[in-house]
Amino acid sequence: MSKIEDVKVLVETGKSKKVAAAVQEALDAGDKVADILEAMIASMGVVGDKFSTGEIFVPEMLIAAKAMSKGLEVLKPLMAGDGSSSLGTCIIGTVAGDLHDIGKNLVSMMIESAGFDMVDLGVDVPAEKFVTAVKENEHVVLVACSGLLTTTMPALKEAVQTIKAALPEMKVIVGGAPVTPEYATEIGADGYAPDAGSAAVKAKELVTA
């Protein structure tokens with residue numbers, strides 16, 4: 001089994017104490033940073049799928065995410081050197097009235113692992129705060145808004161429309177349990193992702209298109 005396969009299994013099974021060493025071993029064996037990263041993202045994709053089908057639950061998903069972040073710590077210094085972390089800054093937050101942060105944190109980690117600098121506004125973020133954050137940070141290319149409650153769907157709409165009114169060129173991606181691709185289009189978002197893995201893919205697509 002290749003070193004990258006080891007990394008994948010460790011991330012999938014949430015062995016956070018062993019991941020860093022395995023990533024280092026893969027690097028020492030000559031595996032590329034991008035390939036190791038790709039493998040970890042793929043593992044989180046598998047974890048996300050299992051979560052979607054109810055095979056695993058939030059605790060297992062968080063354990064896997066923690067394992068991935070340990071692996072990322074090893075790769076990060078190397079990623080900065082090869083220019084792959086220069087996609088720009090992404091502002092992320094859960095919209096007003098919603099206090100869920102587990103999904104957002106996972107998405108934040110996945111988007112960061114795709115090569116963005118992340119600014120996390122936390123939960124219960126008023127629409128205007130997204131706009132302020134864009135203006136206060138440099139090189140912002142994407143805003144990610146999360147809403148996990150059906151009751152906060154109007155807040156998600158308000159967030160997207162407020163950002164678009166103030167910053168028409170800004171790309172906005174939305175997600176969360178009750179959000180659908182149709183709703184995302186209806187409220188004017190540029191992208192939608194059903195889970196953390198696809199959010200990273202979509203984020204990259206939106207800013208490199």
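This note sets out, point by point, the main features of the structure shown above.

1. Basis of the model. The structure is a predicted model, in which local features need pLDDT of at least 70 and side-chain atom pairs count only at pLDDT 80 or more, whereas totals for chains, interfaces and linings use all residues. Residues are numbered from 1 along each chain as its sequence is written, and side-chain values use heavy atoms, with hydrogens and water left out.

2. Secondary structure. The chain holds nine helices and five strands; helices (H or I, at least four residues) and strands (E, at least two) are DSSP runs, numbered from the N terminus. Their order from the N terminus is α-α-α-α-β-α-β-α-β-α-β-α-β-α. The radius of gyration of the chain is 17 Å, close to the 17 Å that the globule rule gives for 209 residues, so the chain is as compact as a globular protein of that length. That radius is taken over C-alpha atoms, and the rule is 2.2 Å times the number of residues to the power 0.38.

3. Of the 209 residues, 48% count as buried, where buried means under 20% relative accessible area, exposed over 50%, and partly exposed in between (1.4 Å probe, protein chains only). Among contacts (heavy atoms within 4.5 Å) with a separation of 6 or more, 72% join residues 24 or more positions apart.

4. Nonpolar cores. A nonpolar core is a set of buried Ala, Val, Leu, Ile, Met, Phe, Trp, Tyr and Cys residues joined through side-chain atoms within 4.5 Å. The largest has 46 residues, and Val23, Met40, Met68 and Phe116 have the most contacts inside it. Elements that give two or more residues to this core include α1 (3–12), α4 (58–81), β1 (89–94) and α9 (196–208). A second, separate core of 29 residues includes Leu121, Met153, Ala155 and Leu167.

5. Phenylalanine 116. Leaving aside neighbours within four places in sequence, Phe116 is in contact with Leu87, Gly88, Cys90, Ile111, Val141, Leu142, Ala203, Lys204 and Val207.

6. Two residues with positive phi. Aspartate 124 is not a glycine, yet has a positive phi of about 55 degrees. This aspartate 124 lies in the loop between β2 (117–120) and α6 (127–136) and, at 39% relative accessibility, counts as partly exposed. Histidine 139, likewise not a glycine, has a positive phi of about 55 degrees. Histidine 139 is placed in the loop between α6 and β3 and is exposed, with a relative accessible area of 62%.
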